[in-house]
Amino acid sequence: MQEDRQTEATLALEQPEARSENATQEVRSEISTDNAVEGKRTRAPAPRFNIGSTAGKKYHVNMLEIGSDLFSHFEKVRYGLFKTSVGICFNQMTASKGIKLFGPKAIAAMFKEYKQLDDLQVLGRVDVDGLTDEQKRRALRAVNLIKEKRCGKIKGRTVADGSVQRKYVPRDEVATPTLSLEALMAVLLINAFEERDVAVFDVPGAYLHADIPDDKFVLLKVEGEYFVDIMCEVNPEYKEDVRMEKGKKVLYVQILKALYGMIESALLWYTLYTEVLQKEGFEINPYDKCVANKMIDGKQCTLAWYVDDNILSHV
């Protein structure tokens with residue numbers, strides 16, 4: 001009997017998996033396939049009434065959740081306002097286009113601009129035949145612009161294309177402080193709290209008051225028959241320096257002042273402006289380099305500026 005018991009115990013240890021499978025089959029046999037329900041999920045596209053259009057390069061979204069007719073009218077009004085504002089604020093064009101559009105008025109505007117540059121001694125003559133090919137390659141291209149003001153007046157502007165300077169002028173040599181938003185808001189709050197008298201003004205031709213350092217030699221290249229002829233009419237001495245390159249007139253002149261467009265012009269103007277302010281008794285704010293203060297009649301006078309736009313206040 002003892003041997004029979006040992007045999008039963010051995011069989012029980014050797015066949016646990018078989019017993020488990022038999023139990024599982026018994027449980028599964030109790031589940032009827034008739035009781036199983038097949039689940040289906042129907043996906044319907046969400047209504048997209050708030051999308052005006054997704055065609056073309058632009059993507060318009062109707063965030064107002066209005067009808068298509070009203071939204072279409074809203075888009076037309078919005079586009080009209082945008083077009084009007086752009087026409088007022090961004091109506092600057094090249095001088096060549098301006099001359100074709102406005103004719104003698106544009107030519108007169110460019111003549112006035114070149115006359116101002118000559119009167120302020122912004123440009124000077126150079127020995128053209130002594131210039132090297134490298135100096136000519138580094139010459140900044142003169143960019144002539146025409147702008148029609150809201151009053152209908154035509155204004156000319158000549159700037160330098162300073163993009164070529166990025167190749168050889170380090171960034172840390174041209175970085176310029178600008179007025180921070182926090183400093184501007186603080187100045188406005190102080191002006192309101194102390195009920196100060198406020199004056200807002202700009203410096204005409206600000207950059208053109210700053211001299212180019214003596215150790216820097218920068219050339220400006222004036223191209224095109226219109227503009228070379230205007231330069232020679234303003235200053236007849238330039239006629240001897242006119243040359244022909246690739247079938248068109250070219251005039252090389254030296255830049256003596258911080259002409260607009262040069263990447264170091266802003267820093268030269270800032271340095272000059274702060275020097276003048278300090279000579280007048282202003283102290284530059286240590287926390288914002290574009291805020292200066294001076295005590296006048298026992299009251300603080302504050303000047304804050306962004307490039308050449310200024311706000312001055314005093315009690």
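This briefing covers the salt bridges, a charged surface patch and the cysteines of the structure above. The model is predicted. It holds 15 salt bridges and zero disulfides.

**Salt bridges at Arg125**
- Arg125, which is partly exposed at 37% relative accessible area, forms a salt bridge with Glu240 at 3.4 Å, N to O.
- Glu240 lies in the loop between helix H8 (225-234) and strand E9 (242-245), and Arg125 in the loop between strand E4 (123-124) and helix H6 (133-137), so this pair ties together parts that are 115 residues apart in sequence.
- Arg125 also forms a salt bridge with Asp241, where the closest N and O atoms are 2.9 Å apart.
- Because Asp241 is in the loop between H8 and E9 and Arg125 in the loop between E4 and H6, that pair ties together parts 116 residues apart in sequence.
- Glu240 is exposed, with 59% relative accessibility, whereas Asp241 is buried at 5%.

**Salt-bridge network**
- Glu223 and Lys221 form a salt bridge, their closest N and O atoms being 3.7 Å apart.
- Glu223 is partly exposed, with a relative accessibility of 22%.

**Positive surface patch**
- Lys112, Lys147, Lys149, Arg150, Lys153 and Lys155 form a positive surface patch.
- Within the loop between strand E5 (140-148) and strand E6 (154-160) is Lys149, a partly exposed residue at 36% relative accessibility.

**Cysteines**
- Cys232 is buried, at 7% relative accessible area.
- Cys290 is likewise buried, at 0% relative accessibility.

Conventions:
Residues are numbered from 1 along each chain as its sequence is written. This is a predicted model: local features need pLDDT of at least 70, side-chain atom pairs count only at pLDDT 80 or more; totals for chains, interfaces and linings use all residues. Side-chain values use heavy atoms; hydrogens and water are left out. A disulfide is a pair of cysteine sulfur atoms within 2.5 Å. Buried means under 20% relative accessible area, exposed over 50%, partly exposed in between (1.4 Å probe, protein chains only). Patches are made of residues with over 30% relative accessible area and no salt bridge: like charges are joined within 9 Å, nonpolar side chains (Val, Leu, Ile, Met, Phe, Trp, Tyr) within 5 Å. Accessible areas come from the Shrake-Rupley method with a 1.4 Å probe; for residues, only the protein chains shown count as cover. A salt bridge is a side-chain nitrogen of Lys or Arg within 4 Å of a carboxyl oxygen of Asp or Glu. Lys and Arg count as positive and Asp and Glu as negative; His and the chain ends are not counted. The place of a charge is taken as NZ of Lys, CZ of Arg, CG of Asp or CD of Glu. Helices (H or I, at least four residues) and strands (E, at least two) are DSSP runs, numbered from the N terminus.
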